[in-house]
Amino acid sequence: MARSVRIVSVNVNGIRAAVRKGMTEWLDASGADIVALQEVRATAEQLAEALPGWEVVNDESLQKGRAGVAIISRLPGVETRTHLGPEPLDASGRWIETDFDIDGETVTVISAYVHSGEVDTPKQEAKWQFLDAMERRLAELGDATELAVVMGDLNVGHRELDIKNWKGNRKNAGFLPRERAYFDRFFGPAGEQVQGADGSTGTGLGWVDVGRRHAGEVEGPYTWWSMRGKAFDNDSGWRIDYHVVTPALAERVTDYRVDRAPSYDTRWSDHSPVVVDYTLGRS
């Protein structure tokens, strides 16, 4: 029987710190069925201790206290994968996939945490390598899977609407034309040649940006604000947390929201949860 399933993504900026600051209360009230977490910075045991009552799968970075992604849910997954490519991709704690059986339908849920990058440094080279691998995997998933969602802190503002101060960030990681071109291809018409923000051309993959489709041609809604200054109070943010979905799953979206904290002092992360309701299950 088809039903509404609430799927959430959030960068928690350290799961243990987030729980201390009030994440558990938010989670209990959220009505979430499946949650993709990024930057958990914890072991599987620490995650289970922090989130009792949830089914937990995770991909821990080999660098202790860094990165880490997880998927928590109220129902068990069927299969989990963490392979994205050769080392160091599979040691970075930045990609995890779980298949769920939702009343007879298989839905692939992915939590991804793209590197923040830094221009002309090894950090940016790692980001290019990850985005290359992500593009290959999206192409594979698009061919093989009807219902899939890639969620997470993807650390790229795709368009000028996605960053409040886009003019001042054109040469900074997170809004580089080459980074944005990946997203032009992710969201470009499947199989068609797409021109990227950097002038390059490539093949569109046909995935859908749920946030932009739902919000329309408006600034934001932003999902991350610097902890410094008055960025949160002034809503000077970045929309870098996404639900990237297959076209078939995009047609199942019934609601989308960024669950922005009511005030700076009530935040339990520098990111806000991105909450989407989908109709899933065989009728």
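Buried means under 20% relative accessible area, exposed over 50%, and partly exposed in between. The exercises below concern a predicted model.

**Exercise 1. Classify R239, D162 and E118 as buried, partly exposed or exposed.**

Solution. 
1. R239 has a relative accessible area of 1%. This is under 20%, so R239 is buried.
2. D162 has a relative accessibility of 0%, so D162 also falls under the cut-off and counts as buried.
3. For E118 the value is 40%. That lies between 20% and 50%, so E118 counts as partly exposed.

**Exercise 2. Find what joins R239 to D162, and state which parts of the chain the pair ties together.**

Solution. 
1. The side chains of R239 and D162 meet in a salt bridge, with an N to O distance of 2.7 Å.
2. R239 lies in the loop between α6 (210-215) and β12 (241-245), while D162 lies in the loop between β8 (148-153) and α5 (177-187).
3. The pair therefore ties together parts that are 77 residues apart in sequence.

**Exercise 3. Describe the salt bridge of R137 with E97 and the network to which these residues belong.**

Solution. 
1. The structure holds 21 salt bridges. In the one between R137 and E97, the closest N and O atoms are 2.7 Å apart.
2. R137 lies in helix α4 (residues 122-144) and E97 in strand β6 (residues 95-102), so this bridge ties together parts that are 40 residues apart in sequence.
3. Both residues, R137 and E97, are buried.
4. Through salt bridges that share partners, E79, R81, E97, D99, R137 and E140 are joined into one network.
5. Another salt bridge links K123 with E118, where the closest N and O atoms are 3.8 Å apart. The cut-off for a salt bridge is 4 Å, so a distance of 3.8 Å still qualifies.

**Exercise 4. Characterise the second largest pocket, and determine which helix supplies the largest share of its lining.**

Solution. 
1. The second largest pocket has a volume of about 170 Å³.
2. It is lined by 16 residues, and those closest to its centre are G142, D143, A190, L205 and W207.
3. Helices α4 and α7 (247-250) each supply at least two residues of this lining. The largest share, four residues, comes from α4.
4. The lining of the second largest pocket comprises seven nonpolar, seven polar and two charged residues.

**Exercise 5. State how many cavities of 30 Å³ or more there are, and describe the largest cavity.**

Solution. 
1. Rolling a probe the size of a water molecule over the atoms shows where empty space is left.
2. The count comes to one cavity of 30 Å³ or more.
3. The largest cavity holds about 40 Å³ of space.
4. V40, R41, A42, E60, S61, Q63, K64, G65, R66, A67 and G68 line the largest cavity.
5. This lining divides into three nonpolar, four polar and four charged residues.

**Exercise 6. Locate S73, decide whether S73 is buried or exposed, and identify what its side chain reaches.**

Solution. 
1. S73 lies in strand β4 (residues 69-73).
2. The relative accessible area of S73 is 2%, so S73 is buried.
3. The side chain of S73 reaches the backbone oxygen of L75 at 2.5 Å.

How values were computed. Residues numbered from 1 in each chain as written. Predicted model: local features only at pLDDT ≥ 70, side-chain atom pairs only at ≥ 80, totals over all residues. Heavy atoms only, no water. Buried < 20%, exposed > 50% of the residue type's maximum accessible area, 1.4 Å probe, protein only. 1 Å grid on protein atoms, 1.4 Å probe; cavity = no way out; pocket = protein on both sides within 12 Å on 5 of 7 lines; lining within 4 Å. Points joined across faces, edges and corners; volume = space filled by probe spheres on them. Nonpolar A, V, L, I, M, F, W, Y, C, P; charged D, E, K, R; others polar. Polar contact = N/O pair within 3.5 Å; in protein donor to acceptor, adjacent residues only side chain to side chain.
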